[in-house]
Amino acid sequence: MTEQTGAGPSSEVYLHIDRLTKKFGSFVALDSVSLDVYEGEFICFLGPSGCGKTTLLRAIAGLDIQTSGTVRQADADISALPPSERDFGIVFQSYALFPNLTAERNIAFGLENQKLEKSAVDKRVNELLELVGLPDQGPKYPAQLSGGQQQRIALARALATSPGLLLLDEPLSALDAKVRAHLRHEMKDLQRRLGVTTVMVTHDQEEALTMADRIVVMNHGVIEQVGTPTNIYREPDTLFVADFIGAMNQVEGRANGANGVSIGEMNFTSRNHGLTSDAPVVAAIRPEDIVPQGVGDYSSSDTNLENSLEVEIESMEFLGSFWRVSLKNNALGGATLVADLSINAMRRLEVTTDSRIRVKLPSDRLWVFPPAASA
């Protein structure tokens with residue numbers, strides 16, 4: 001790995017995964033997964049427990065050899081190589097530090113195995129301690145360090161041999177929320193400065209959204225969608241992605257033409273979905289995309305009535321920077337919508353429980369998907 005400043009993803013494919021399948025007996029953990037990871041990219045495998053993300057990471061590392069398919073790193077086929085012959089550093093959720101070695105000796109472990117001179121090892125260890133912000137913690141044992149400090153030492157150890165690929169297996173999930181938020185910023189900044197191609201496994205959507213250049217959303221051993229955090233959040237390809245990333249209203253309805261949906265007694269214009277008219281569907285819209293319009297009667301000549309409806313405020317929840325409110329209209333067939341309204345909107349509309357307001361469901365933010373397949 002060449003350490004560089006201000007490095008970002010390049011257009012060169014560094015890791016090429018082709019039709020990777022992994023079976024444990026009759027269980028298919030990975031089902032013909034293909035993916036390109038670019039040099040210098042920070043990519044996150046995101047999904048619920050059992051979706052295959054950790055199995056994919058372990059296949060890349062050679063810790064679980066795939067049943068079929070290939071893995072190429074820097075144009076070399078590493079599909080059958082043992083972990084010791086692959087060019088990667090790895091950080092686990094549990095830190096996996098040697099408890100009987102000091103922080104500096106933990107970092108030096110891989111370097112000493114390379115038979116480097118002691119002066120060169122010590123210089124590199126000091127560089128890495130400085131790099132992860134712990135220049136004075138080298139003589140301490142893991143038990144004398146906080147969880148966040150231990151994970152930084154584990155990161156320094158993974159980077160010690162200057163690997164071409166950094167693998168992170170839920171590295172922050174054992175830390176408390178405040179430390180986790182701080183450390184994810186530090187790790188991303190460090191990755192950018194070093195320019196090391198990085199693959200991280202996480203089930204934490206916020207972690208993926210804030211750290212990744214691209215997110216790979218996985219479910220049942222397949223990739224549901226690959227895209228930038230903004231693309232994944234704003235342009236979900238499937239109901240699973242829409243539901244898994246962020247909060248999402250989901251309401252059963254029926255397709256009404258190629259760009260419409262009927263919910264209860266009401267018809268709405270939606271994003272184009274191309275589903276057969278009258279087919280059962282799920283309409284989806286994010287709480288922050290529901291737009292408050294005002295209070296009182298709207299005349300039929302109002303040009304802003306498309307996808308507009310009057311709703312009753314059923315409940316209100318204060319979440320600091322906004323209010324989360326439950327909205328009901330009997331014409332929606334019993335469905336309840338959840339909207340996130342700003343403090344200013346709440347004050348302007350003088351919203352209270354049981355009050356009525358008019359809201360709009362913008363057609364370009366109203367998604368229509370086929371219903372989720374039964375498990």
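Student: In what order do the strands of the open sheet that contains β13 and β20 stand, and with which pairing?

Tutor: Strands here are DSSP runs of E with at least two residues, helices are runs of H or I with at least four, and both are numbered from the N terminus; two strands pair if DSSP finds at least two bridges between them. In this predicted model, local features need pLDDT of at least 70 and side-chain atom pairs count only at pLDDT 80 or more, while totals for chains, interfaces and linings use all residues. Residues are numbered from 1 along each chain as its sequence is written. The open sheet has 5 strands with antiparallel pairing, in the order β13-β12-β11-β14-β20.

Student: Which strands stand at the edges of this sheet, and why is one side of each left without a neighbour?

Tutor: An edge strand here has a single partner strand, so one side of it is left without a neighbour in the sheet. The strands in that position are β13 (266-269) and β20 (367-369).

Student: Which residue of β19 is the bridge partner of G294?

Tutor: A further open sheet of 5 strands, also with antiparallel pairing, has the order β15-β19-β16-β17-β18, and its edge strands, β15 (291-294) and β18 (336-342), each pair on one side only. Strand β15 is joined by 3 bridges to strand β19 (residues 356-360), and the two run antiparallel. The bridge partner of G294 in β19 is R358.

Student: Which element gives the most residues to the lining of the largest pocket?

Tutor: A pocket is an open set of points on a 1 Å grid over the protein atoms alone, where a 1.4 Å probe fits and protein lies on both sides within 12 Å along at least five of seven lines; lining residues have an atom within 4 Å of a point. About 440 Å³ of space lies in the largest pocket, the volume being the space filled by probe spheres set on the points, and of its 17 lining residues the closest to the centre are F88, G89, I90, A158 and T161. Two or more residues come from each of β6 (88-92), α2 (103-113) and α4 (147-159). The most, 4 residues, come from β6.

Student: Is D136 buried or exposed?

Tutor: D136 lies in the loop between α3 (118-131) and α4. Buried means under 20% relative accessible area, exposed over 50%, and partly exposed in between, with a 1.4 Å probe and protein chains only. With a relative accessible area of 62%, D136 is exposed.

Methods
Heavy atoms only, no water.
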